[in-house]
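Please read the numbered points alongside the sequence and the coordinates.

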Amino acid sequence: MPKVTFLGHAGLAVRATAFRLLADPWLAPTGAFLGAWHQYPRNDHLDLAEVLDADWVAVSHEHLDHFDPWVLERLPARTRILIPAYPGPAFRERIRRAAGARQVIEVSPWKKFPLDNRGSWITAIPELSPMCHDAAFLIVADGRSVLHCNDARLTAAQARRAKHLAGGRLDLMALQTSGASWHPICYEYPPEEMARVSLAKRIAKLRAAQRLVRQTAPELAVPFAGPPCFLDEEVAGLNWVLDQEDGAFCDPEASVRWLREHLPNQAFDHFQPGDAVELDTGAVTRDPVSAAFSYAWSPADRTAYLERYAADRKELVAGVLASYPEPGPDLFERFTEHFRRLGSLSDYFLEQIAMTVRFEVTGPNGGSWDVDLRPGAVSVAEARPDVRPQYRITVAGRWLDTVLTGRLAWEDLLISFRLSLYRDPDVYNDHLVGLLKHANAAALRAVEEYETGRDESERIIVHSAGRNFDIPRYCPHAGEDLSIGAVVRDGQIHCLAHNFAFDLATGQCVNARAAALGSRPVDACAAPVAPSASTPASTPASADVSAVELPATAMDVPASFGGPTSVDAPAPVGLAATVESPAPVE
Ligand code: FES
């Protein structure tokens, strides 16, 4: 009986004997993020009355392609809304405002929340680090299990624990392989650098999905959740990201091809809005309208589709844009006040940031303003030519004003892609983004406690270039189990969760500002031993477990992305991008 219908993007509908649950439905015809993002392919042919007739709606996080206020407003009064419990109040408060009188319930991590009286349940699996308020949902309906990963970058151990909790079997695992990041597409990179970073990001995303599937072997694995398309004139140029030769986002069809190449014994499929799969039998029904769409269309066919789509939504998008007026003459004053408040929230974050961020604010009442973020010395001033900022954000005043007025969160603005970014050096600063997106003392304190309270007593040994290194088993960034979720190469360990790379000799993170890996060279040690892939997450290996030089095949670039399938082949462009200069997930 249990059936999953795909709603487009990350939306799923689960029909069970006694209930109907929607997870992360995004249906608004106005798109999301200041009208910039739209569902791709379009899902506005779905029968709205039928889709919205739900007992439960689970919303994983506050990104507007998952949390759709337009949907919540149209739900029946009986629908109850489930959200993960996060350390800060921002998501809870936003969703309560959008839900009106409907009940909103926070689901505790890993706790089974009953959905009926027949043994069905749901739980939330948040990312380990509270820096990211993202969570997967594990749903068991009439005895069948769905792991809906959303945008959460689960560790391999979390995915294995989810399978264990679901009774040792995952019937369907839906994985985000597309990404939704403003890096690299909002960055002012020259074309060749943009192509190199884009390829690295796509490969990193696929490798992260591959490791979760390899660890859990679900009955069916489904890449989903993007990419979006861009219909408004200001951002329509970004549709280059959809190209699978040199774009920034992997589409589900390309993802399935790549994953099948790398895990040939695993069942994969991709689905479009309205497609459905019966979990008891695996029978698939295809939506006749969506069947006319293909991610693999020629550029001309894709352009024609997007032009029709843009024409259909032109008035709706214009209505969204018209609701954001130009800011008044007090913009700089409110900007200053905003950053003074942010600067008062966490000295720990300011220590990690320690940089000057320049805002080039265009349009009426804009200007060039420097924000210096350091402990005890947050200052905002007109930009001076003798100051060299480490970060530059160019944004129209009307978009910046959405954040200053509290109408949008910083992350919404960044993801709208209605801005451009530059940084020097070109190194990701997790804490700058963290301060902006959380903007709340309790949420920032939770990150500080997580990062300063790490237990590094469980150690593993890795071997690279003839040397052995004693390192913590869990990644200092966000806890990935490095004994199963990393690749060692050329003196570096690359964590597959978010693609941070650490130099084994120094422990320093080489591609982001992040805590160092507590690495110690070891003169002599026993030959490394691979941990068993079947080790249950609930019974971690002993503290003296030795680990591995992980298989080079994990670094493979498929022929379809312009690279060979072996790292031993002569260095190609794609491979070099992946191995030598990985791009962390941002
Ligand atoms: S857990 Fe994020 S890079 Fe390792």
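1. Contacts of Ile353. This model is predicted. Setting aside neighbours within four places in sequence, the residues in contact with Ile353 are Leu373, Asn429, His431, Leu432 and Leu435. Ile353 itself belongs to helix α9, which spans residues 347–353.

2. Burial of Ile353. Is Ile353 buried or exposed? Within 10 Å there are 28 other C-beta atoms, and the cut-off for a buried residue is 20 or more. Ile353 is therefore buried.

3. The chain as a whole. The chain has 586 residues, of which 50% are buried. It contains 14 helices and 29 strands. Of the contacts with a separation of 6 or more, 65% are between residues 24 or more positions apart.

4. The β1–β2 hairpin. Strand β1 (residues 3–8) runs antiparallel to β2, and five bridges join the two. Val4 has Val14 in β2 as its bridge partner. Two residues separate the strands of this hairpin, and His9, in the turn, has a positive phi of about 55 degrees. As for covering, β2 (residues 11–15) is mostly covered, with four of its five residues buried.

5. How does β3 run relative to β5, and how many bridges join them? Strand β3 (residues 20–23) and strand β5 (residues 56–58) run parallel, with three bridges between them. Leu21 has Trp56 in β5 as its bridge partner.

6. Helix α5. This helix covers residues 191–216, a total of 26 residues. From its first C-alpha to its last it reaches 38 Å, close to the 38 Å expected at 1.5 Å a residue. Helix α5 is mostly covered, since 21 of its 26 residues are buried. Ala217 follows the helix and has a positive phi, near 45 degrees.

7. The three-stranded sheet. A further open sheet has the order β25-β26-β27, with antiparallel pairing. Why is one side of β25 and of β27 left without a neighbour in the sheet? Both β25 (486–489) and β27 (501–503) stand at the edges and have a single partner strand each, so one side of each lacks a neighbour there. From one strand to the next, the twist averages 20 degrees. Strand β26 (residues 492–495) is joined to β27 by three bridges, and the two run antiparallel. Within this pair, Ile493 stands opposite Phe502 in β27.

Notes:
Residues numbered from 1 in each chain as written. Predicted model: local features only at pLDDT ≥ 70, side-chain atom pairs only at ≥ 80, totals over all residues. Pairing = 2+ DSSP bridges. Buried ≥ 20, exposed ≤ 12 C-beta atoms within 10 Å, placed from the backbone. Contact = placed C-beta atoms within 7 Å. Expected span 1.5 Å × (residues − 1). Axes fitted to C-alpha atoms, helices over the stretch in contact; angles between N-to-C directions.
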